[in-house]
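This report is written for someone meeting the structure for the first time. Please look through the sequence and the model before reading on.

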Amino acid sequence: MATLVVATLALPVSAQDVDPRVETVLAQVSAERLKATVDALAAFETRHTLSSQTDPRRGIGAAAQWIHDQWRTASPRLQVAFDDYEIPAQGDRIVRDVRLRNVVAVLPGRTARRIVVSGHYDTVARPVPPPATAASLPSASGGAAPRPASASGGFDWSAGDIPAPGANDDGSGTALTMEAARVLAQSGLEFDATLVFIAFAGEEQGLVGAHLHAQRARAEKVVIDAVFNNDIVGNSRGGNGIVDAETVRVFSEGPEDSLSRQLARYIQRTAARYVPSHRVRLIARHDRFGRGGDHTAFNQRGYAGVRFSEANEHFGRQHLVADTPDGVDAVYLSRNTKVNVASVASLALAPAAPAVTTERGVPLLDRSPSGYDARLRWRAADGAVGYRIFWREAWTPDWQFDRHVGNVTEIVLPDVSVDDYVFGVAAIGPGGHESLVSAYVNPPRTAVDIKVK
Ligand SMILES: [Zn+2]
């Protein structure tokens, strides 16, 4: 009888904010394994995109094969492959023809829509450690600034063979991506979305591997709901001495209700539930000031994507031979991994987000029935068993109010002004998992010039 009472009182999964199955996956994330992965990646001495592809122990070729083999042994559910491109010399960083090799592991879901988790496994280093000055910091187009080799410590883009251990940039993000793939594939959970884990090459040459992958995805009309890009996520001690092992930054492009911003809000909301000790600090910028990352290649092609980076960077190690594993805090890296895994799992278990516009793109938001109400309508999402609506004052960056509205496709909020609030809707699956929020976006106005005599 007691058992029956307990069973009656226990909330069904669909009524809980935390899915115990996801908590079980999070418990599998291993700081020790992350550390071992970072150590192994750094031990290839360099993973520069123009380093050796044939040496069995040193260079990017050996590193790519090792990542591939790790995924192959992690789970038979992972479909592991090289994503290869033969590219000619171009720009000032690809100084010769090269085969560029991303490593990809796919965990198929019930649907073809994709969620990507990534880090870049390539590295770069300056020949001579310069003093950390603003002028030596990397630039927008990729990791590293295109400066001529010089005694002052600029990059030499033909020096593909000098030591560049890249433990934190971006061994940390690569290790996170590999660990996320392992725990999610080994979980036995069946996801609605297809999960795609990618170790990108060519990031330091200008996001080359990510651009190649994203441009092909766009050309083939591949649906990618979200890109979780992890780049420099393992160091908890900033170069200025500030120590913070409980915060991770998530950068997302605007405008304020872009798909990427919805993804960022989703990550913060989900992480707060599953990893409550860790703070997700949302930054309303596509990346750090004047810089970029592999998610940028997806953003520029209309895909939602964010960048995770540690709370305080150590510029005295980046792009130097000093970027060694002792600068990576494996426990901090494991927390950042859990933030990723919790958000990816929740999103992948949820249905796709509902459409809140007509087929022609007109927002399904009006003032009916009184003329002063907010009436929200949406198109049903496949697999949804209910919906949650969100709203906030139009001046506010994050959702302030939400309501579970059941399995309907229309709701009226009496006397709530559609002018003064922003609204959105998420779909809820049978397990209680919520999709990204689809926001009702005020259509942009374009200027029409008035004729004059
Ligand atoms: Zn990087």
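Within what distance do the axes of H5 and helix H9 come, and at roughly what angle do they cross? The model is a predicted one, and in it the axes of H5 and helix H9 (residues 330-349) come within 10 Å and cross at roughly 50°. That angle makes H5 oblique to H9, and the crossing of H5 and H9 is right-handed. In general, a pair of packed helices is described by the angle and the distance between their axes.

**The two helices**

The residues that bring the helices together can be named on both sides: Ser172, Ala175, Leu176, Glu179, Ala180, Val183 and Leu184 in H5 meet Leu333, Asn336, Thr337, Asn340, Val341, Val344 and Ala345 in H9. Helix H5 (residues 171-186) has 16 residues and reaches 22 Å from its first C-alpha to its last, which is close to the 22 Å expected at 1.5 Å a residue. For H9, the 20 residues should span 28 Å at 1.5 Å a residue, and the end C-alpha atoms are 28 Å apart, which agrees.

Because 15 of the 16 residues of H5 are buried, this helix is largely enclosed by the rest of the structure. Likewise H9 is largely enclosed by the rest of the structure, because 19 of its 20 residues are buried. Just after H5, Gly188 takes a positive phi of about 80°.

**The sheet**

An open sheet of eight strands, with mixed pairing, has the order S1-S2-S4-S3-S5-S8-S6-S7. Its edge strands are strand S1 (79-87) and strand S7 (279-283), each of which pairs on one side only. On average, and with direction ignored, neighbouring strands of this sheet are turned by 25° against each other. In general, the strands of a sheet pair through backbone hydrogen bonds, and they may do so either parallel or antiparallel.

| Strands | Bridges | Direction |
|---|---|---|
| S3 (residues 114-120) and S5 | Five bridges | parallel |
| S5 and S8 (residues 305-310) | Four bridges | parallel |
| S2 (residues 98-107) and S4 (residues 194-200) | Five bridges | antiparallel |

Individual residues show how these pairings are made up. Val116 stands opposite Val227 in S5, while Asn229 stands opposite Arg307 in S8, and Val103 stands opposite Ala199 in S4. Strand S5 (residues 224-230) is mostly covered, since seven of its seven residues are buried. Helix H9 lies across S3, S4, S5, strand S6 (247-252), S7 and S8, and runs at about 160° to S3.

**Two partly exposed residues**

Where is Arg237 found? Arg237 is in the loop between S5 and S6, and it counts as partly exposed because it has 17 C-beta neighbours inside 10 Å. Leaving aside its neighbours within four places in sequence, Arg237 is in contact with Val243 and His314. The C-alpha atoms of Arg237 and Asn312 are separated by 6.6 Å, although these residues are 75 residues apart along the chain.

Gln215, for its part, has its place in helix H6 (residues 208-219). With 14 C-beta neighbours inside 10 Å, Gln215 also counts as partly exposed. The C-alpha atoms of Gln215 and Val95, which are 120 residues apart along the chain, are separated by 22 Å.

Notes:
Residues numbered from 1 in each chain as written. Predicted model: local features only at pLDDT ≥ 70, side-chain atom pairs only at ≥ 80, totals over all residues. Buried ≥ 20, exposed ≤ 12 C-beta atoms within 10 Å, placed from the backbone. Pairing = 2+ DSSP bridges. Expected span 1.5 Å × (residues − 1). Axes fitted to C-alpha atoms, helices over the stretch in contact; angles between N-to-C directions. Parallel < 35°, antiparallel > 145°, perpendicular 65-115°, else oblique. Left-handed = near helix turned anticlockwise from the far one by under 90°. Contact = placed C-beta atoms within 7 Å.
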